[in-house]
Amino acid sequence: MFRLDLLHYACLKNIVRSLHNVTIQIIPPAVERGHDVMIYCNYNLDGAPMLTVKWYRGGHEFYRYSPGMLPRMQTFPFQGLNVDLSLSNATQVFLRDVDFSLSGKLSCEVTTDGPSLKTEFVSKQIVVVELPKSKPVIVTDKDKYDPGDSLIANCTSPPSKPVASLKFFLNNMLIDNPKVTKHTFPNFLQSSKLTVTLKLDQSHFKDGRKLLLQCTALINSLYNQTSELRLPIKSTEPVPEKDHIRKGQKVLMPLRKSYLWNNFSSPTSQFQIQEPGI
């Protein structure tokens with residue numbers, strides 16, 4: 001009985017002293033296109049001899065570490081994936097200048113040698129992004145408003161991957177039920193546009209203040225930018241005095257401002273030539 005207990009203990013000890021706690025760590029967790037990333041395969045051999053560590057993107061092996069082979073490190077071609085061997089080893093792989101093709105499932109397979117032969121396989125998602133290069137752009141149909149007017153505005157995010165989510169606020173209050181459209185560019189980037197139409201009443205002009213229109217663009221925890229536009233009350237703007245016009249002189253008289261309605265347009269004024277009266 002005592003001998004059987006010893007054998008049972010030895011078997012349990014051999015099971016404990018084997019490969020375990022295999023995990024993947026990606027730094028940074030989401031990497032920008034064209035940047036570098038370090039991926040880690042953490043494990044505990046617990047005294048067992050290592051046979052190989054293999055890395056996969058999807059089902060394609062791109063890196064292998066074999067301590068008993070020469071060379072110890074091998075790479076296998078994969079589009080958009082460049083391994084820097086000088087910074088890679090049995091527990092880490094350094095990837096340079098990553099592209100969108102890297103996005104997906106990364107897997108690490110660790111195998112031990114000898115009597116305790118064992119293989120562990122773990123996976124984790126990696127995301128390659130391209131963040132917007134600037135803040136969102138706000139365009140309105142007018143530059144001044146009064147109670148009773150309709151506010152028509154849109155907000156467009158610069159191209160990115162993934163596309164930014166947008167929110168519109170008026171005087172720090174969220175505007176509900178906006179219209180959302182998206183545009184896809186040939187380089188896999190996308191922009192989103194939010195359009196709102198809101199009937200203004202006296203409550204929007206408390207204490208005679210200007211309207212504060214804000215648009216916030218978000219991409220997870222990676223990008224958070226807000227643009228704002230302050231719109232004055234039309235009825236409180238002073239009327240400019242007419243310039244003295246000499247007899248027979250031609251002057252440029254501004255027409256009502258018209259706005260080019262597109263993603264990044266700005267207000268432009270049109271003019272006509274008018275003959276002044278005598």
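This is a predicted model: local features need pLDDT of at least 70, side-chain atom pairs count only at pLDDT 80 or more; totals for chains, interfaces and linings use all residues.
Residues are numbered from 1 along each chain as its sequence is written, and side-chain values use heavy atoms, with hydrogens and water left out. Local features need pLDDT of at least 70 and side-chain atom pairs count only at pLDDT 80 or more, whereas totals for chains, interfaces and linings use all residues.

**Exercise 1.** State how many salt bridges the whole structure holds, and describe the one between Asp36 and Arg96.

Solution. Step 1: apply the criterion, a side-chain nitrogen of Lys or Arg within 4 Å of a carboxyl oxygen of Asp or Glu. A search of the whole structure then gives seven salt bridges.
Step 1: in the pair Asp36 and Arg96, the closest N and O atoms are 3.2 Å apart. Strands are DSSP runs (E, at least two residues), numbered from the N terminus.
Step 2: classify accessibility, where buried is under 20% relative accessible area, exposed is over 50% and partly exposed is in between (1.4 Å probe, protein chains only). Asp36, at 32%, is partly exposed, and Arg96, at 35%, is partly exposed.

**Exercise 2.** Locate Lys234 and Asp149 in the chain, and decide whether each is buried, partly exposed or exposed.

Solution. Step 1: Lys234 and Asp149 form a salt bridge with closest N and O atoms 3.4 Å apart. Lys234 lies in the loop between β18 (223–231) and β19 (251–254), and Asp149 in the loop between β11 (137–140) and β12 (150–156), 85 residues apart.
Step 1: Lys234 has 38% relative accessibility and is partly exposed, whereas Asp149 has 14% and is buried.
Step 2: elsewhere, salt bridges with shared partners join Asp36, Asp84 and Arg96 into one network.

**Exercise 3.** Describe the largest nonpolar core and the surroundings of Leu95.

Solution. Step 1: a nonpolar core is a set of buried Ala, Val, Leu, Ile, Met, Phe, Trp, Tyr and Cys residues joined through side-chain atoms within 4.5 Å. The largest has 30 residues, and Tyr43, Trp55, Phe62, Leu95 and Val110 have the most contacts inside it.
Step 1: strands supplying at least two residues each include β1 (20–27), β4 (50–57) and β9 (104–112). The largest share, four residues, comes from β3.
Step 2: with contact meaning heavy atoms within 4.5 Å, and residues up to four places away in sequence not counted, Leu95 touches residues including Asp36, Val37, Phe62 and Leu102.
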